Amino acid sequence: MILWRGIIEEFRKFLPVSEQTPVISLSEGNTPLIRADRLAKKICPQVELYLKVEGANPTGSFKDRGMTLAVSKAMEKQVRAIMCASTGNTSAAAAAYGAKAGLPVYVLVPAGKIALGKLAQAMVHGAIVFQIEGNFDQALRIVRELCAEDEYELVNSLNPFRLEGQKTAAMEVCDQLGTAPTFHFLPVGNAGNISAYWKGYREYHTAGQIHYLPKMMGFQAEGSAPIVHGHVIENPQTVATAIRIGNPASWKLALQAVDESSGKIAIVTDEEILSAYRALAAEEGVFCEPASAASVAGVTKCSQAGLLPEGATVVCTLTGHGLKDPDIAVETSTRPRTVKATREDVLALLRA
Ligand SMILES: *Cc1c(COP(=O)(O)O)cnc(C)c1O
């Protein structure tokens, strides 16, 4: 048996680590790339559609790829504690990798705006959680100031090691497909991930592993679309809490990624996101969180607009697992029916 050793060991030569770097890993990466023919038939029959299921990472989101590197480098630097602001998944990953490293973890989250599963993860791994009466952007501002003054290490995606780790997802996609896709679709929140994928594709191209580059296609939720509108959104709104961000940290890098790749960043509505979310679960058996489905909502939109040519290969990153946000799943699905505990009563319902 050959064990997958996590993204630092598997992609070591592309990462800023040395023999002295202690590797803190939960064996993240190596996530499934699933061909989605039933979904494609509905939304984009002319292309080959694939799903990169990042919810299959150890804490259930792609944030693990960045966190393994950020925490390993923090250990190398011998910091006393790590800190982040989070819409949820960064705190879940920081809490888990911090626990593995034996480091104290402090997280600031927007009160009431973090999905239940993510909060549960941060708490169970023993992170110190502060719910601030404000939004993510305000939480990030506070955390940046505290980390600049003190010995806390910032593990938000402003930490360059986060994007370095996350770029390995693009490299995996190429390894799995045997080539680069024609288009790569992603949800955009803080805009770190789309920037990281672009870096990964470019580095694989330079290394001769792929011979062309994909077009990078990013999607923001309608009420949280600062990059599309070209200005900060003071009070961002969307059902997709993981991308409820009004002032993205990697704004410029994301614009560079779409410019250089001839891609684009556009808007999808909450309705379109939830419709894609349900279609993924019902047609493909893949349960992702609402923010993740923004990528597939984007494919639907681009296909309708005639932007996806016959025979193109399209990869959508599904950024996080559906169990992260059980409330949305329950609210948007058919309720179970309650029945007396007899064979006859169940049969009557079956035949109703
Ligand atoms: C963090 C996150 C995003 C957004 O990624 P950015 O790098 O902030 O653009 C999207 N979906 C999920 C599930 C996330 O956790």
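Helix H13 gives the most to the lining of the second largest pocket, with 5 residues. Helices here are DSSP runs of H or I with at least four residues, numbered from the N terminus. The model is predicted, so local features need pLDDT of at least 70 and side-chain atom pairs count only at pLDDT 80 or more, while totals for chains, interfaces and linings use all residues. Residues are numbered from 1 along each chain as its sequence is written, and side-chain values use heavy atoms, without hydrogens and water.

A pocket is an open set of points on a 1 Å grid over the protein atoms alone, where a 1.4 Å probe fits, with protein on both sides within 12 Å along at least five of seven lines; lining residues have an atom within 4 Å of a point. The second largest pocket has a volume of about 160 Å³, a volume being the space filled by probe spheres set on the points. Its lining includes Leu39, Glu272 and Gln304. Helix H2 (37-43), helix H12 (270-284) and helix H13 (294-304) each give two or more residues to this lining.

The largest pocket holds about 230 Å³ of space. Among its lining residues are Asn135, Arg141, Glu234 and Pro248. At least three lining residues come from each of domain 1 (7-61 + 162-331) and domain 2 (63-158), with bounds from an automatic or database domain assignment.

Elsewhere, helix H4 (residues 89-101) and helix H5 (residues 116-124) pack at an angle of about 25°, with axes 8 Å apart. H4 and H5 are therefore roughly parallel to each other, a term for angles under 35 degrees.

How values were computed: Axes fitted to C-alpha atoms, helices over the stretch in contact; angles between N-to-C directions. Parallel < 35°, antiparallel > 145°, perpendicular 65-115°, else oblique.
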